[in-house]
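Reader: I would like to learn how to read a model like this one. Please take me through its features in turn.

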Amino acid sequence: MLPGFVARNVAPTSRHWPERMTTSTLGTDGMWNGAGRLGAAALPVNWDTMVEGAIIVQDNRDAVDGCRRAMGKNAKSTKCTITLSRPDTPAAIDRRDQLAREKSQ
């Protein structure tokens with residue numbers, strides 16, 4: 001009990017002790033993998049949505065960056081053209097697996 005109390009209440013938050021304890025408890029090799037495991041277990045639909053959103057943004061990085069530059073500082077929103085891949089195609093599955101490997105490193 002004492003280590004948990006110290007990690008949550010005494011140690012500086014910049015050391016991320018509670019997060020590291022959780023990662024250790026889950027047996028994962030990093031905080032991102034621990035977060036992914038918790039997120040997927042807590043709300044699988046939301047986790048899947050977040051992963052799909054990350055894939056869309058990463059696959060369309062140039063278009064999204066261009067839209068943000070075109071929007072400027074004063075506009076509240078703008079329309080952007082992006083390209084979506086079907087999530088069940090081999091290329092999309094490979095891309096999802098690649099992103100999972102990159103994030104686990």
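This is a predicted model: local features need pLDDT of at least 70, side-chain atom pairs count only at pLDDT 80 or more; totals for chains, interfaces and linings use all residues.

Author: We go from the overall fold to single residues.

Reader: Which elements have the lowest and the highest mean pLDDT?

Author: Helix 1, residues 2–9, has the lowest, at 65. Helix 5 has the highest, at 91.

Reader: Now the fold. How many helices and strands does the chain have?

Author: There are six helices and zero strands. Read from the N terminus, the order is α-α-α-α-α-α.

Reader: What share of the residues is buried?

Author: Buried means under 20% relative accessible area. Of the chain's 105 residues, 13% count as buried. The accessible surface of the chain is about 8300 Å². Carbon and sulfur atoms account for 57% of that surface.

Reader: And what share of the contacts joins residues at least 24 apart?

Author: Take contacts between residues at least 6 apart in sequence. Of these, 28% join residues at least 24 apart.

Reader: Let us turn to covalent links. How many disulfides are there, by the distance rule?

Author: A disulfide is a covalent bond between the sulfur atoms of two cysteines. The rule asks for sulfur atoms within 2.5 Å. The count here is one disulfide. Cys 67 and Cys 80 form it, with their sulfur atoms 1.8 Å apart.

Reader: Which parts of the chain does the pair link?

Author: Distant ones: Cys 67 is in helix 5, and Cys 80 is in the loop between helix 5 and helix 6. The two cysteines are 13 residues apart.

Reader: Why is the disulfide of Cys 67 and Cys 80 called right-handed?

Author: Look at the torsion about the S-S bond. For Cys 67 and Cys 80 it is about 110 degrees, so the disulfide is right-handed.

Reader: Is Cys 67 buried or exposed?

Author: Cys 67 is buried, because its relative accessible area is 16% and the cut-off for buried is under 20%.

Reader: What does Cys 80 contact, beyond its neighbours within four places in sequence?

Author: Cys 80 is in contact with Ala 63, Val 64 and Cys 67. Take Ala 63, 17 residues from Cys 80 along the chain. The C-alpha atoms of the two are separated by 7.3 Å.

Reader: Next, charge pairs. Which residue forms a salt bridge with Asp 65?

Author: Side chains of opposite charge can pair when their charged atoms come close. The structure holds one salt bridge. Asp 65 forms it with Arg 61. Their closest N and O atoms are 3.6 Å apart, and the cut-off is 4 Å.

Reader: Why are Asp 65 and Arg 61 separated by about one helical turn?

Author: Because they are four residues apart in helix 5. Asp 65 is partly exposed at 27% relative accessibility. Arg 61 is partly exposed too, at 34%.

Reader: Which residues form a nonpolar patch on the surface?

Author: Ile 56, Ile 82 and Leu 84 form it. Together they have about 250 Å² of accessible area. Ile 82 is found in the loop between helix 5 (61–71) and helix 6 (90–104). At 36% relative accessibility, Ile 82 counts as partly exposed.

Reader: Is Thr 83 buried or exposed?

Author: Thr 83 is exposed, with a relative accessible area of 59%. Thr 83 lies in the loop between helix 5 and helix 6. Thr 83 and Ile 56 are 27 residues apart in sequence. In space they are 8.0 Å apart, C-alpha to C-alpha.

Note on methods
Residues are numbered from 1 along each chain as its sequence is written. Side-chain values use heavy atoms; hydrogens and water are left out. Patches are made of residues with over 30% relative accessible area and no salt bridge: like charges are joined within 9 Å, nonpolar side chains (Val, Leu, Ile, Met, Phe, Trp, Tyr) within 5 Å. Accessible areas come from the Shrake-Rupley method with a 1.4 Å probe; for residues, only the protein chains shown count as cover. A salt bridge is a side-chain nitrogen of Lys or Arg within 4 Å of a carboxyl oxygen of Asp or Glu. Buried means under 20% relative accessible area, exposed over 50%, partly exposed in between (1.4 Å probe, protein chains only). Contact means heavy atoms within 4.5 Å. pLDDT is the predictor's confidence in each residue, from 0 to 100.
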